[in-house]
Amino acid sequence: MAAPFLNEILAKINPVEQVQLDTKRNYNYTNFDYLNDPIPQMPQSDFFKNGDVAITKNNRFSYVPAHTHSFIEINYMYSGSCTQYINGEKIVLHQHNLILMDKDIVQQIDYTDKNDLLVNILIKDDSAMDQLFDYIPIEENKITQFLYNASRVNTMHNNFILFNLNNHDVAINAVESLIIKGLTDDRQRNRSMGLLLSTLIIELSQSIEQEYTNFSNATDDRMLAITQYINTNFNHTSLAEVSEKFSYNPNYLGNKIKESTGHTFKELLDHRRLSVAQNFMIKTNCTLSQICENIGYENTSSLFRLFKKYLQTTPSAYKKKVSGR
């Protein structure tokens, strides 16, 4: 359905991809310090220089280390497939699949090859969101709930929705037209992108394949501080320590965490430790013993169990796989 222009521009190997293809390693073009900030946040200023909606291509021939965003992100699988981990949950995208992700989600992407073309649609959450609400019908559904929750400041942002656009030509045309417009230098570019994005959002409600949505209310706002504390102190904290710090009964807080995030306290720690360990293996020369020390494990046996449980592989095998393909 896409114009030859889109096929050509997405398939073209860009400078970052060329480095990754030549070195068989992930290229740290953002100069992140993964030792001191193992799950970095993508800088918003790098993407929104020309408007409130930005289009980028996922760089192929490597892994994308775990990271977070301060903006809403849509990934569209233009061709091929890829495996992602969204807050630790494995998601496989095939051609014409699309995933809508909230701010602050931890995202990582497995190795993508030549024909695995993944496009990122990034939405700054201020005027772009206001414009969307101008065009989108007021009636409440999962998509409008998602956008409303994403526009709030002091609330949890751990939602995602997966869509299958196969057999939905209008949605495919809308997203691919949006990508084309975003990759061209046009005087009416930003207004056109706003209208196309609104059309896409309206059409998406018919194509929901999988979702994790847990929209917070005002009484849940304190959970944001708690989850941020856990994410920052994952290598030495415990449920008892967090409960004492925030003046909760441990059993009550454990249930509250499960209700608000969909995961137990231990699962939150496991996912954080696993993502950090994977990033150390992709982006640093740390030994397995050093990785264990950095994530709060006393020995490599705990690391072995973590990788076996969630990735069905060993730390050594994973490190070998990602350190040079």
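**Exercise 1. Describe the surroundings of I179, starting with the residues that I179 touches.**

Step 1. Not counting residues up to four places away in sequence, I179 touches L6, I55, Y76, V119 and I121; contact means heavy atoms within 4.5 Å. The model is predicted: local features need pLDDT of at least 70 and side-chain atom pairs count only at pLDDT 80 or more, while totals for chains, interfaces and linings use all residues. Residues are numbered from 1 along each chain as its sequence is written, and side-chain values use heavy atoms, with hydrogens and water left out.

Step 2. I179 lies in helix α5, residues 169–182. Helices are DSSP runs (H or I, at least four residues), numbered from the N terminus.

Step 3. The relative accessibility of I179 is 0%, so I179 counts as buried (under 20% relative accessible area, with a 1.4 Å probe and protein chains only).

Step 4. K57 is 122 residues from I179 along the chain, and their C-alpha atoms are separated by 9.7 Å.

**Exercise 2. Identify the members of the largest nonpolar core that touch the most other members.**

Step 1. A nonpolar core is a set of buried Ala, Val, Leu, Ile, Met, Phe, Trp, Tyr and Cys residues joined through side-chain atoms within 4.5 Å.

Step 2. The largest such core has 39 residues, of which I230, V242, I295, L303 and F307 touch the most other members.

Step 3. Elements giving two or more residues to this core include α7 (222–232), α9 (250–261) and α12 (300–311). The most come from α10, with nine residues.

Step 4. Another core, of 34 residues, lies apart from it; V119, L178, M193 and L200 are among its residues.

**Exercise 3. Describe how α10 and α11 cross.**

Step 1. The axes of α10 and α11 come within 10 Å and cross at roughly 145 degrees. Axes are lines fitted to C-alpha atoms, for helices over the stretch in contact, and angles run from 0 to 180 degrees between N-to-C directions.

Step 2. The contact is made by R273, V276, A277, F280 and M281 of α10 and by L288, I291, N294 and I295 of α11.

Definitions and conventions: Buried means under 20% relative accessible area, exposed over 50%, partly exposed in between (1.4 Å probe, protein chains only).
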